Amino acid sequence: RSSDLDRTPGARLEEKDFSLVWHYRKTDQRLGELRAIELKERLLDITTDLNLSVLEGSKVIEVKNEGINKGIAAQKWLDKAKWDFIMTIGDDLTDEDTFEAVPDWAYSIKVRIGYTKARYTLPTSNDARILLRELGNLR
(Lines give C-alpha, C1' and ligand atoms only; values in the text may rest on other atoms or scores of the structure.)
Protein backbone atom coordinates (compact mmCIF):
# COMPACT_ATOMS: atom_id res chain seq x y z
CA ARG A 1 0.00 0.00 0.00
CA SER A 2 1.22 3.50 -0.74
CA SER A 3 0.40 4.49 2.84
CA ASP A 4 3.07 2.04 4.03
CA LEU A 5 5.60 3.78 1.81
CA ASP A 6 4.41 7.17 3.05
CA ARG A 7 4.86 6.01 6.66
CA THR A 8 8.50 5.06 5.95
CA PRO A 9 10.43 7.89 4.27
CA GLY A 10 13.23 6.54 2.07
CA ALA A 11 11.54 3.17 1.45
CA ARG A 12 10.65 2.12 -2.06
CA LEU A 13 8.79 -0.67 -3.79
CA GLU A 14 10.35 -2.52 -6.73
CA GLU A 15 8.32 -4.62 -9.13
CA LYS A 16 10.49 -7.37 -10.63
CA ASP A 17 9.43 -9.92 -13.24
CA PHE A 18 8.69 -12.58 -10.63
CA SER A 19 8.62 -10.78 -7.31
CA LEU A 20 7.75 -7.64 -5.41
CA VAL A 21 10.47 -6.13 -3.21
CA TRP A 22 10.21 -3.51 -0.47
CA HIS A 23 13.57 -1.77 0.06
CA TYR A 24 14.34 0.11 3.25
CA ARG A 25 18.10 0.67 2.99
CA LYS A 26 17.64 4.46 2.79
CA THR A 27 15.27 4.77 5.75
CA ASP A 28 15.99 5.68 9.33
CA GLN A 29 17.49 2.41 10.66
CA ARG A 30 15.14 1.93 13.62
CA LEU A 31 12.03 2.95 11.70
CA GLY A 32 12.97 0.72 8.74
CA GLU A 33 13.54 -2.29 10.98
CA LEU A 34 10.24 -1.72 12.79
CA ARG A 35 8.29 -1.36 9.52
CA ALA A 36 10.05 -4.45 8.10
CA ILE A 37 8.88 -6.55 11.06
CA GLU A 38 5.32 -5.22 10.68
CA LEU A 39 5.28 -5.80 6.93
CA LYS A 40 6.75 -9.30 7.14
CA GLU A 41 4.16 -10.34 9.75
CA ARG A 42 1.30 -8.96 7.64
CA LEU A 43 2.61 -10.61 4.48
CA LEU A 44 3.07 -13.97 6.20
CA ASP A 45 -0.55 -13.76 7.39
CA ILE A 46 -2.01 -13.04 3.97
CA THR A 47 0.20 -15.44 1.96
CA THR A 48 -0.27 -18.51 4.18
CA ASP A 49 -2.41 -20.46 1.70
CA LEU A 50 -0.82 -19.06 -1.46
CA ASN A 51 2.18 -20.41 -3.36
CA LEU A 52 4.26 -17.42 -2.23
CA SER A 53 7.38 -16.99 -0.14
CA VAL A 54 8.12 -13.99 2.05
CA LEU A 55 11.87 -13.51 2.34
CA GLU A 56 13.83 -11.09 4.48
CA GLY A 57 17.10 -10.03 2.91
CA SER A 58 19.63 -7.29 3.41
CA LYS A 59 17.33 -4.30 4.09
CA VAL A 60 14.60 -5.82 1.88
CA ILE A 61 11.40 -7.82 2.20
CA GLU A 62 10.58 -9.83 -0.92
CA VAL A 63 7.43 -11.68 -1.93
CA LYS A 64 7.87 -14.23 -4.70
CA ASN A 65 6.51 -17.42 -6.17
CA GLU A 66 7.88 -20.40 -4.22
CA GLY A 67 8.80 -22.22 -7.44
CA ILE A 68 11.09 -19.47 -8.72
CA ASN A 69 14.49 -18.60 -7.28
CA LYS A 70 18.01 -17.64 -8.31
CA GLY A 71 19.20 -21.25 -7.99
CA ILE A 72 16.67 -22.47 -10.55
CA ALA A 73 17.67 -19.66 -12.91
CA ALA A 74 21.37 -20.46 -12.41
CA GLN A 75 20.74 -24.14 -13.08
CA LYS A 76 19.26 -23.28 -16.50
CA TRP A 77 22.56 -21.57 -17.42
CA LEU A 78 24.66 -24.33 -15.90
CA ASP A 79 22.86 -26.92 -18.03
CA LYS A 80 23.60 -25.06 -21.29
CA ALA A 81 27.33 -25.81 -21.47
CA LYS A 82 30.34 -27.40 -19.82
CA TRP A 83 31.84 -24.45 -17.99
CA ASP A 84 35.58 -24.14 -17.20
CA PHE A 85 35.09 -21.49 -14.54
CA ILE A 86 32.11 -20.56 -12.42
CA MET A 87 31.98 -17.83 -9.80
CA THR A 88 28.93 -16.53 -8.03
CA ILE A 89 28.95 -13.69 -5.52
CA GLY A 90 26.02 -12.58 -3.38
CA ASP A 91 25.17 -10.77 -0.18
CA ASP A 92 21.58 -11.79 0.37
CA LEU A 93 19.51 -14.69 1.62
CA THR A 94 18.11 -15.11 -1.90
CA ASP A 95 21.65 -15.86 -3.17
CA GLU A 96 21.85 -19.03 -1.07
CA ASP A 97 19.84 -20.93 -3.71
CA THR A 98 22.52 -20.06 -6.28
CA PHE A 99 25.34 -21.14 -3.98
CA GLU A 100 23.59 -24.48 -3.59
CA ALA A 101 23.03 -24.89 -7.34
CA VAL A 102 26.61 -24.41 -8.52
CA PRO A 103 29.01 -27.39 -8.64
CA ASP A 104 31.27 -28.05 -5.65
CA TRP A 105 34.34 -26.88 -7.58
CA ALA A 106 32.79 -23.47 -8.39
CA TYR A 107 33.80 -20.33 -6.54
CA SER A 108 30.76 -19.34 -4.49
CA ILE A 109 31.33 -16.26 -2.37
CA LYS A 110 29.07 -14.76 0.27
CA VAL A 111 29.62 -11.08 0.98
CA ARG A 112 29.14 -10.46 4.70
CA ILE A 113 29.91 -12.87 7.48
CA GLY A 114 27.23 -15.28 8.62
CA TYR A 115 25.70 -18.63 7.79
CA THR A 116 26.04 -19.49 4.12
CA LYS A 117 26.11 -22.36 1.64
CA ALA A 118 28.91 -20.55 -0.22
CA ARG A 119 32.41 -21.99 -0.10
CA TYR A 120 34.04 -18.64 0.68
CA THR A 121 33.15 -15.37 2.39
CA LEU A 122 34.26 -11.77 2.06
CA PRO A 123 33.47 -9.33 4.87
CA THR A 124 32.39 -6.34 2.75
CA SER A 125 31.17 -5.41 -0.72
CA ASN A 126 34.36 -3.35 -1.10
CA ASP A 127 36.36 -6.57 -0.68
CA ALA A 128 34.26 -8.14 -3.46
CA ARG A 129 34.97 -5.18 -5.75
CA ILE A 130 38.70 -5.47 -5.03
CA LEU A 131 38.62 -9.20 -5.85
CA LEU A 132 36.79 -8.59 -9.13
CA ARG A 133 39.17 -5.76 -10.07
CA GLU A 134 42.18 -8.02 -9.40
CA LEU A 135 40.64 -10.87 -11.39
CA GLY A 136 40.07 -8.43 -14.25
CA ASN A 137 43.76 -7.56 -14.24
CA LEU A 138 44.85 -11.20 -14.70
CA ARG A 139 45.90 -12.06 -18.23
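## Close-up views of the predicted model

**View 1. Helix H3 and its cover.** Helix H4 is among the elements that cover the buried residues of H3. Contact here means heavy atoms within 4.5 Å, and a residue counts as buried under 20% relative accessible area, exposed over 50% and partly exposed in between (1.4 Å probe, protein chains only). Helices (H or I, at least four residues) and strands (E, at least two) are DSSP runs, numbered from the N terminus. This is a predicted model, in which local features need pLDDT of at least 70 and side-chain atom pairs count only at pLDDT 80 or more, while totals for chains, interfaces and linings use all residues. Residues are numbered from 1 along each chain as its sequence is written, and side-chain values use heavy atoms, with hydrogens and water left out. H3 spans residues 70-78, and its buried residues are Gly 71, Ala 74 and Leu 78. They lie on the same side of H3, because they cover an arc of only 60° around the axis (the arc is that of the directions from the helix axis to the C-beta atoms). For background, an α-helix has 3.6 residues a turn, so residues three or four places apart point the same way.

**View 2. The antiparallel sheet.** Here four strands build an open sheet with antiparallel pairing, in the order S1-S2-S4-S3. Two strands pair if DSSP finds at least two bridges between them. S1 (12-15) and S3 (52-56) are the edge strands, each with a single partner, so one side of each has no neighbour in the sheet. On average, neighbouring strands are turned by 15° against each other, direction ignored. Axes are lines fitted to C-alpha atoms, for helices over the stretch in contact, and angles run from 0 to 180 degrees between N-to-C directions. Look for S2 (residues 19-23) and S4 (residues 60-65), which are joined by five bridges; Ser 19 faces Lys 64 in S4.

View 3. H2 (residues 29-46) lies across S2, S3 and S4, at about 20° to S4. The largest nonpolar core consists of nine residues: Ala 11, Trp 22, Tyr 24, Ala 36, Leu 39, Leu 43, Val 54, Ile 61 and Val 63. H2 and S4 each contribute at least two residues to this core, and H2 gives the most, with three. Such a core is a set of buried Ala, Val, Leu, Ile, Met, Phe, Trp, Tyr and Cys residues joined through side-chain atoms within 4.5 Å. Leaving aside neighbours within four places in sequence, Trp 22 has contacts that include Leu 5, Ala 11, Ala 36, Leu 39 and Ile 61.

**View 4. Parallel strands around S6.** S6 (residues 107-111) is largely enclosed by the rest of the structure, because four of its five residues are buried. Four bridges link S5 (residues 87-90) to S6 in parallel, and Gly 90 has Lys 110 as its bridge partner in S6. S6 also runs parallel to S7 (residues 120-122), with three bridges between them, and Val 111 stands opposite Leu 122 in S7.

**View 5. Two loop residues with positive phi.** Lys 59 sits in the loop between S3 and S4, with phi near 65°. Lys 59 is partly exposed, at a relative accessible area of 27%. In the loop between S6 and S7 you will find Arg 112, whose phi is near 100°. Arg 112 is also partly exposed, at 33%. Most residues other than glycine have a negative phi.
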